[in-house]
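Q: I'm new to this one, could you show it to me and walk me through a few strands?
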Amino acid sequence: MRICPHLLLALLLAPYSAGESRHPFTFEEMMALKRVEEPVVSPDGKWVLFAAVDVDLKSNTKTPHVWVVPLPLNPPVAVPSPSSPVSDNRAEREIISDQDADRPRWAPDGKRFAFVSTKEQGSQIWIADFDEASGTVTAKRRLTNIATEADGELWSPDGRNLLFVSRIYPECATESCNAQKLEESKDGKVKALIFEHLLYRHWNGYRESKRSHLFVLPFSAETGKSPGAEPGPSPRDLTPGDHDVPPFHLGGQDMYAFSPDGQELCFTSNHEEEEAISTNNDLFTVPVNIPADASPDQVLQKTRNITAGNKAADETPLYSPDGRYIAYRAQQRPGYESDRWRLMLYDRKTGQSKELTEGFDDWVESFAWAPDSKTIYFSADHERHALIYAVPSVPASARDQTKRDFPRRALVGGYNDDLSVMPGGKTLVFTRMSMVAPNEIYLSNAGGPGCAARSADVDTGKDSCSLGVALTRVNEQVLSAISMSKAESFWFKGAKGDNVEGILVYPPNFDRGRKYPLKFLIHGGPEGAWGDDWSYRWNPQLFAANGYVAVMINFHGSTGYGQKFTDAINGDWGGAPFEDLMKGLDYAEQHYTFIDKDRECALGASYGGYMSNWILGHSNRFKCIVSHDGMFNSESAWGTTEELWFNEWEFRGTPYNNRELYRKWSPHLAASDFKTPTLVIHGQLDYRLDVSEGFQLFTTLQRQGVPSKMLYFPDEGHWVLKPQNSQLWYKTVNDWVDQWVGRR
């Protein structure tokens, strides 16, 4: 066994060390933090646009606004040491404040940018004129007026078209048809829906016979200056048919892209007959300049599937700047949403694809091309970090094998995402977060020597691993008043004799001579992980802030430890992961003697909720349990979920052809052993794990005479997102733990 205690991303704490009177983190302060989104570099490399979301707890709203920050004339080209100060740049400014404004995207000439706003006619695309000298917005105007609304905008590189996404009725060929159907749906007294296929509802909503499609709108400098005064050019649907483009996804990189000449669009879509059991997203290409009067059939005739040979997922295309390639992410095993994400390269001349990350055992996340098309930079989870790597795009036979060490060496340490590259190709721009601070925008040298991908090294900046320099510090004022708790990792021997990592967060004002109660946090997924990252829904700092130790275990099934470790949970939900959790807690109790073993509570959501339910019937070591959106009855959960591929992969079939495995790992069958006081939480709009799972659990607890309470949200899905609901969630959870564990 080994233990590697160290401060998680200590560099981020440096800017906030000046304040002398600090206090533990509070929920209200978490809501006061601005939520920084992905950076978008201007074509001339002088500015970065980004949206930041403001939360108003009193009005129960979240409102994005657009900010700008100038890029330094001399961006970092050397690797900063761990003691180097972060940038003292304070130049970021909010430039759209009088209305909500999200997802800014530069026009190719840099003189304007598009953004999404709900100020008029629901979600629509707006245009802002930008003064490149002063970095200010000089005018704003709404571009679209689509009854079915618009978002996800993207400029064509030639500046002649602007793309957007709209959810339309696929049988409608005109905007007026869509508007009429929407009006009929709104005014109709009958609200019944008729289904003919599965996946009739997804995540937190019913489909209502609509599909997401991609539209292009011809654009000129005069387009849309007076919306509604003169009919402008009509948007053209480039993805007709009864398919979603893009398919449902929970954020991340765009699932569509223009070719560098603006003449072709590549997009992601799932054309399988039964989407509910398929992960087979494919990449398609279609010419952009199809005649405006072309029929849907004529558009489809020009659409080509370029990844038809792979029956697993292919997503997030991105053309190389020279136009020769399309890079994308892909999986290999059909039906398995947690297969390793590989970085692929499609040659537009030969029509052949190859993997660039062969031998690399972590998941590729966001990625970006270097301007010379010779290198692709990507982020990937490694243990509890998300590191930035580089890989050459040239054929493997032409690579310098002495330098092909990207699986073992990272350019940038920390927890990073949302990559882009400055026009000169020498500097990376990205977001970084940690367990002690939310997203900010960072810069780093794109040509550094890199460091070994071992978390103890990348955290402290050894081996010349860059931690970058901060470009923005929008949350400095709030964070400077907070005393964030120290966090450290530890390792122990878990199931199968494998090394397993855990994380411990200390209570504020820690006194080693005291005994502290413990909150044992269990992550969801199950193919997910606790990382050195920031969360607003399950924030370890906030859980520790009222006098608790927080412990988290990245059990078998977690990501960032190799695909074999991730796959280990398949068909073994209550086996190795449960063993890891118990052994990890044993290890923490033995090595952190300030933990009070008699005052511990287990908390989890999604798979963590499932494991909380499993613990209910298989361990009495906890004084209380919190089960949020957890699976209680594996057979009923299969029949009420939308993404059937998930359950059928994890339990190797359906309840009627593999009932033994479903019942083996179903928490409800151990209900006679339930004794631990339990708080049940579930949302009515959760279609991943239906609210009936929570009701069944609460009913069982009540009938068994187990002390229990249920927190029910009629207006939330799998995640609790509304500010005041989140406030109630944290209060109810913490009050429940205090009631049964208590603080002394």
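A: Two strands are said to pair if DSSP finds at least two bridges between them, and strands themselves (E, at least two residues) are DSSP runs numbered from the N terminus. In this predicted model, strand E7 (residues 112–117) pairs with E8 in the antiparallel sense over six bridges.

Q: Which residue stands opposite Gln124 in E8?
A: That is Ser117. E7 and E8 form a hairpin with six residues between them, and Gln121 in the turn has a positive phi of about 60°.

Q: And what joins E8 to strand E9?
A: Six bridges join E8 to E9 (residues 136–142), and the two run antiparallel. Phe130 stands opposite Val137 in E9, while the hairpin that E8 and E9 form has four residues between them, with Gly135 in the turn showing a positive phi of about 70°.

Q: Why is E8 largely enclosed?
A: Seven of the eight residues of E8 (residues 124–131) are buried, so the strand is largely enclosed by the rest of the structure; buried means under 20% relative accessible area, with a 1.4 Å probe and protein chains only.

Q: Changing topic, what is the mean pLDDT of the chain?
A: The mean is 91, and 90% of the residues reach 70 or more, where pLDDT is the predictor's confidence in each residue, from 0 to 100. Over residues 226–230, however, the pLDDT is below 50, and this stretch has one contact beyond near neighbours in sequence, a contact being heavy atoms within 4.5 Å.

Q: How many contacts does the model have for residues 459–463?
A: Beyond four places in sequence there are 18, although pLDDT stays under 50 there too.

Conventions. Residues are numbered from 1 along each chain as its sequence is written. This is a predicted model: local features need pLDDT of at least 70, side-chain atom pairs count only at pLDDT 80 or more; totals for chains, interfaces and linings use all residues. Side-chain values use heavy atoms; hydrogens and water are left out. Buried means under 20% relative accessible area, exposed over 50%, partly exposed in between (1.4 Å probe, protein chains only).
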